[in-house]
Amino acid sequence: MDRVYCQPCWLFSHETASPGCSFSLQNPWGTAGLNDWRHLSQRIRSHESSAHHAEACVVYDQWRNSKTIEEALHGSLQEKTNFWQKVLERLLNITLMLAMCNLPFRGSSEDFSKDRKGSFLSIIQLLAKYDTVLDKLLQLPKGSPKYLSPSIQNELISLLAEEVLRDIKSELQSAPFFAIILDTTQDVSKKDQLSEVFRYVKIVYHDDGTPSELKVVEAFNSFTEVEDSSAIGLHKLITDSIQQKRLDIKKCRGQGYDGAAVMSGKYSGLQKRIQDVAPHDYYVHCASHNLNLVLKDAMEAVTETRKFYDTIESVYRFFGHSIVRWQKLQNVQECSSPNPTLKTLNPTRWSGRYDAVYALKERFFDVMKCLTHIILTSTKPKERDEAMTIKKQMENFDFVFMLVVQCKVLQIVNIPSKAMQCKTIDLISAHKLLQTAAHDIPQLRRSFDAVIKEASSIASQWGLPRQFLNKRAKKTKTYFDEISEGITLSDPKKRFRVTVFHPMMDKLSCQLINRFEGMKSVVTTYQVLEPSFLSSASHLDIEVEAKKYADKFADNVSPLFPSQMLSIKTSFKEKIEHLKSAKEMASFLIVENASLATSYPDVCTTYMMYLTVPVTVATAERSFSKLKLIKNFLRSSMSQERLSGLSLLSIENERARF
C-alpha cells in the first residue's frame, strides 16, 4: 500500500478516521497509514512523543504479557480451582476432627445468623474470623454454592470413610491370612448392629524395604444392621462382606464370637457354616466372655455369695445416690489414709467387680463409722432404718469372711481378664494365664484357715464377733428304706466351710477347666510354635508335633516343616530360651533376621497363621462404646451409612489422620 504504520497504534489506538476520510486526521499511524516520505523522520519523532502512541504502547505491552485470551481465562479458572481446593481441604479437616471426637455435626438450624446451628457451621464461622479463605467463602452472595449443606457433610464423611476402608482392604488383601471377629448389640433406636472386625498380621517396612515391625492388627470395618439374626442370615452378611473385599475365605484362620448358639452351634451355627468352606478356620469362644461365665456360674451357685454381692451393691446405692451421705463418707476418708472410692458392681464384666470389692474391703471401717454416725444423728426414719439394715449385714462375720475370699478370688481372675483385653495377646499366652488361675484357686481352697485369720483381724479391729452365724440346720427327709440319716453339721465353722466355701471353690475350679477345653484343643495344635516348648522338648517330640502340624495344614505347609523346626532349635537354642511368646519368636525370625524368611519359609508362614487366630472379641465390644457416643438419644435418626462412616473414622482415627 506504499504506506508506513505504527504497530501498537494500529492494534490498540482509540482514534478512528473521520467520516468520508480514509485515514485519521489526528493519528494516521494506526488507521490509514502515512506516505509523507519527505517529512517521515520528523513525523516519527512527533508521533513517538504523542499521548495516543503512549497509551497504545501501554495496552500493547499488557496484551503481550497476557499473551492470549485463552491463557487469561485459564489463569482465572486456576485461581478459582485453587480457592475451592483450599475450601474443601478445610471442610475435610473439620469433618475429620468432629468425627474423631464423636461430636454432632448439625443443629436445629442451618442458618449462620441463628443460634443452634451445630458444630460444623459454628466451627466454620469461628475459623472464618482468622482464615481468609473461609471468610471469602462466607462472603459469597446468597444462592452461591458453598459446600456446607447436610448432603455435602454426608458426602464428606463417606469419602473419608471410603479412604480409610480402602487402606484396610489393601492390607487385608496383602496379608497371608485373616480372622473374623463379630459381635452384636442393640443401639438406641432398637436396631441390632453387627460390629465387623478383621484380625491379621502386618509387616511394617523401612524406606529401604527391610522389615521394621511385626504388628497384629484388629481393624474395625463397619456397623451393619442385622435384619435376619439367624445363622443363615449372619453367614450371608459375613460372606458378602468377604466377597466385597475380594478376599479368599479359605485364607480365614480364625473366628471370634461369643457363646450364643447362633454363633457357636456345632451343627448349624455360624462357625460351622464357615468351617464347612474353610476347614482350618478355628472357632474360639471369646476367652473374656468365657471367664465371666465361669465366675457367674460359680458365684450364683451359692446363696450366700448372691446375698454378699447384694449387700455390696446396697452399700454403694446408699452412699452414691445421696450427695450428703457421700460427702459424709468422704469426710471420714479425710481423717484416715487415702483409700479407693466405692464403686458400683460391673453388670457385664465380673473381673471389674474386683475394684468394688477391694474398695469396700479397704474402706470397711470408714463405711461402718459413717453408718453409725447416720444412725445416731439422722432425723429421717427411712434413712436410719436403711443404714441399720446395711450395718447389721456388714457386722456378720460371714460377710467379713466373704469380703476377704471374694477379694482374693477376683484378684486371681483380674490378671488374666485384663491381659486378654490386649489385641496382641496370643492363644498360648492366654491359656497360660488361665492355667495359672486354675492352679491358684485350689490353693486358695486349701487356705481356709488363713482366710479366717485375715477376716478375724478385720473383725477384731471393729469389735465384731469372730464366729460364723449359728443357723438352724435343715433336717433332710428320710425314707424307710434308707440305711442311715444324713450328717448334720452342728459347728457353724464346719457348716460354712462345707456348704459355702468348698462348693464355691470347687465350682470355680471345675468351670475354669471345663469351659476352656475348646481353647486347649486349639492351643495343642499350635503347641510346637511355643518358645518354651522348643527350648525344653526333645528333638523327637518336636519332630512328632511338627509332623502332626504339617499333615493337618498340608495346604499351607510343606513336608519340610519338621526339619526346619529342628534346624531352628539347633541354631538358635540360646536365643529361644530368652523368648517369652510366639510373637517374639515371629519377630525374631521375620524382622530381626529377615534373611531367615527364605531359609525357613514354612516356619514363618506358620507363625503368621497362628498369630491371626483371635483370643477375644474385645475390639468388637469396644466399638459398642463408640456406637453409644455417636448414635445417642439426640442423634437416633441418622442413616446406617452415616453411622458406619462416623464409627470407622472414630475407631480407626490413626489411619484417618494420615
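Start by selecting Asp 551: in this predicted model the residue is exposed, because its relative accessible area of 52% is over the 50% cut-off. You'll find Asp 551 in helix 23, which covers residues 539-552. Phe 561 sits 10 residues from Asp 551 along the chain, and the two C-alpha atoms are 9.9 Å apart.

Next, color helix 17 (residues 397-419) and helix 20 (residues 492-514). The two pack at an angle of about 15°, and their axes lie 13 Å apart. With the angle under 35 degrees, helix 17 therefore counts as roughly parallel to helix 20.

Which residues of helix 17 and helix 20 meet? Show side chains for Asp 398, Phe 401, Met 402, Val 405, Gln 406 and Val 409 on helix 17. On helix 20, show their counterparts: Phe 496, Val 500, Phe 501, Met 504, Met 505 and Leu 508. Sorted by type, the residues of this contact come out as 10 nonpolar, one polar and one charged.

Stay with helix 20 and pick Lys 493. Lys 493 makes a salt bridge with Asp 449, with the closest N and O atoms 3.9 Å apart. Here the pair ties together distant parts of the chain, since Asp 449 belongs to helix 19 (residues 448-462), 44 residues away from Lys 493.

For another one, zoom in on Glu 171 and Lys 202, whose salt bridge has an N to O distance of 2.7 Å. This pair also links distant parts of the chain: Glu 171 is in helix 7 (residues 150-174), Lys 202 is in strand 2 (residues 192-205), and 31 residues separate them. Glu 171 is buried at 12% relative accessible area, whereas Lys 202 is partly exposed at 26%.

Last stop: select Glu 652 and Arg 655. Their salt bridge brings the closest N and O atoms to 3.1 Å. Glu 652 is buried, with a relative accessible area of 11%, and Arg 655 is buried at 18%. Now show Asp 167, Glu 171, Lys 202, Glu 652 and Arg 655 together: salt bridges with shared partners join them into one network.

Key. Residues numbered from 1 in each chain as written. Predicted model: local features only at pLDDT ≥ 70, side-chain atom pairs only at ≥ 80, totals over all residues. Heavy atoms only, no water. Axes fitted to C-alpha atoms, helices over the stretch in contact; angles between N-to-C directions. Helix = DSSP H or I, 4+ residues; strand = E, 2+ residues; numbered from the N terminus. Parallel < 35°, antiparallel > 145°, perpendicular 65-115°, else oblique. Contact = heavy atoms within 4.5 Å. Nonpolar A, V, L, I, M, F, W, Y, C, P; charged D, E, K, R; others polar. Buried < 20%, exposed > 50% of the residue type's maximum accessible area, 1.4 Å probe, protein only. Salt bridge = Lys/Arg side-chain N within 4 Å of Asp/Glu carboxyl O.
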